[in-house]
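Hi,

Here is the structure I promised to pass on. Have a look at it first, and then read on for what turned up.

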Amino acid sequence: MTDPILTISRATKRYGPVHALDRVDLTVEEGEFLTLLGPSGSGKTTLLSAIAGFAPLSEGRIDLRGRDITSEPPEHRDFGMVFQGYALFPTMTVRDNIAFPLKVRKRPASEIKKRVEYCLGLVQMEDFADRMPSQMSGGQQQRIALARALSFEPQVLLLDEPLSALDKKLRADLQWELKSLHDSLGVTFIYVTHDQDEALSMSDRVVILKDGRIQQQGVPDALYNHPRNRFVADFLGKSNFMDLPVRGREGDALTCAVGDTQFPVEAPGAEVRGDVLNLALRPERIRLGAPGEEMLDGTIRQVSYLGERCLVMVDHDVIGPLLISQATWKEGVTPRAGLPVSFGWDSDACVVMEAEPA
Ligand code: ADP
Ligand code: MG
């Protein structure tokens, strides 16, 4: 493996009493699509601004390919940036907007011309070169902002919620485009979003932030299937949480209990403190059956139809209400409020939660 392009060590940013970033350690690999994901106020923009050089750190350091850039001004770092708003220069044409970073860098006119054409092509906006920003839709403006950020061939592109102002359908289209642009250019992308679907679908790696701290990082499916704590399990998708007594342990296999019913939990490496486990269980990992068919019995409280799936809320004396997600094309129980049902899951469906860092 090559050396990381960026190494962030113990990055801390204080605004008065607020720790916007709290001892963040992070490496960014050359060419990867890295996403910073977290709720509003978790420190995503602060971390991106620190990387860009706009928000000097209170403590810690940032290295670019082994060179300390902690105190270097933004213009020396030469990173491309795309922000949430469209932030195009309103009095310049599309062409001049894209040419601007190149003019600032005093590139020759012939090169600028070529580069502008090339970047317009990258975002499929060749026909818009002479328009003003006000004559374009939000999605079109954001494409131009992207072209402008890429025009000077930055080694790193920083994107702060670039799609959040767009409607759902357009956002989904642009997610595909951004991802394929990343894959074809090989530029390192650091992408900020609070949208978990966006993070999971686009990224090589996701870093989850809360209160200025990294909660967990990893490839999307590892994070989704093995969330470390309750915050991650809850933020990334939906989960049911259960505090259940442990009745036995043999290697990685634990036996837990719901009332009188015992069931196995495969928990490789899980640290069990005390005799109660906090388990997370994804709604789509629970099977719904006729009464007596599955492990536990309950009653359907509510059903919510979502097209490809339906969400079923099931009451159970000990662990209910429990959320179950069922594919609507599946045969079997047709869920309806008031119906008695049974439900169960496989031994690898539950994930043991760690306590969140204090
Ligand atoms: P996010 O982008 O994840 O929504 P931010 O990085 O913008 O979060 O903010 C992280 C925390 O730092 C928040 O509590 C926010 O209020 C605070 N913060 C950010 N910028 C400033 C600032 N310029 N002055 C004071 N507090 C700030
Ligand atoms: Mg932000």
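A polar contact here is a pair of N or O atoms within 3.5 Å. Ligand 1 has such a contact with Thr-45: one of the ligand's oxygen atoms is 2.9 Å from an N or O atom in that side chain. The side chain of Thr-46 also has an N or O atom 2.5 Å from an oxygen of ligand 1, and a polar backbone atom of Ser-42 lies 3.1 Å from a ligand oxygen. On its own, ligand 1 exposes 560 Å², and 58% of that is buried by the protein. Please keep in mind that this is a predicted model.

Around the ligand, the shell is made up of 4 nonpolar residues, 6 polar and 1 charged. Among them are Tyr-15, Val-18, Pro-39 and Lys-44. Strand E2 (18-28) and helix H1 (44-52) each provide at least two shell residues, and H1 contributes the most, with 3.

Now to the aromatic rings, which form 6 pairs. One of these is Phe-263 with Trp-345, edge-to-face, with 5.3 Å between centres and 90° between planes. Phe-263 belongs to strand E13 (261-266), while Trp-345 sits in the loop between strands E19 (340-344) and E20 (350-352), so the pair ties together parts 82 residues apart in sequence. Phe-263 is buried, at 3% relative accessibility, and Trp-345 is buried too, at 6%. Elsewhere, ring pairs join Phe-33, Phe-189 and Tyr-191 into a cluster.

The charged end of Arg-148 sits over the ring of Phe-89, 4.8 Å from its centre, and Arg-230 lies over the face of Phe-241, 4.1 Å from the ring centre.

Best wishes

Technical notes:
Residues are numbered from 1 along each chain as its sequence is written. Chains are lettered from A and ligands numbered from 1 in the order in which they are written. This is a predicted model: local features need pLDDT of at least 70, side-chain atom pairs count only at pLDDT 80 or more; totals for chains, interfaces and linings use all residues. Side-chain values use heavy atoms; hydrogens and water are left out. Rings of Phe, Tyr and Trp (its six-membered ring) pair if their centres lie within 6.5 Å; planes under 30 degrees apart count as stacked, over 60 as edge-to-face and the rest as tilted. Helices (H or I, at least four residues) and strands (E, at least two) are DSSP runs, numbered from the N terminus. Buried means under 20% relative accessible area, exposed over 50%, partly exposed in between (1.4 Å probe, protein chains only). A charge sits over a ring if NZ of Lys or CZ of Arg is within 6 Å of the ring centre and within 35 degrees of the ring normal. A residue is near a molecule or strand if one of its heavy atoms lies within 4 Å of it. A polar contact is a pair of N or O atoms within 3.5 Å; within protein, one must be able to donate a hydrogen and the other to accept it, and residues adjacent in sequence count only if both atoms are side-chain atoms. Accessible areas come from the Shrake-Rupley method with a 1.4 Å probe; for residues, only the protein chains shown count as cover. Ala, Val, Leu, Ile, Met, Phe, Trp, Tyr, Cys and Pro count as nonpolar, Asp, Glu, Lys and Arg as charged, and the others, Gly among them, as polar.
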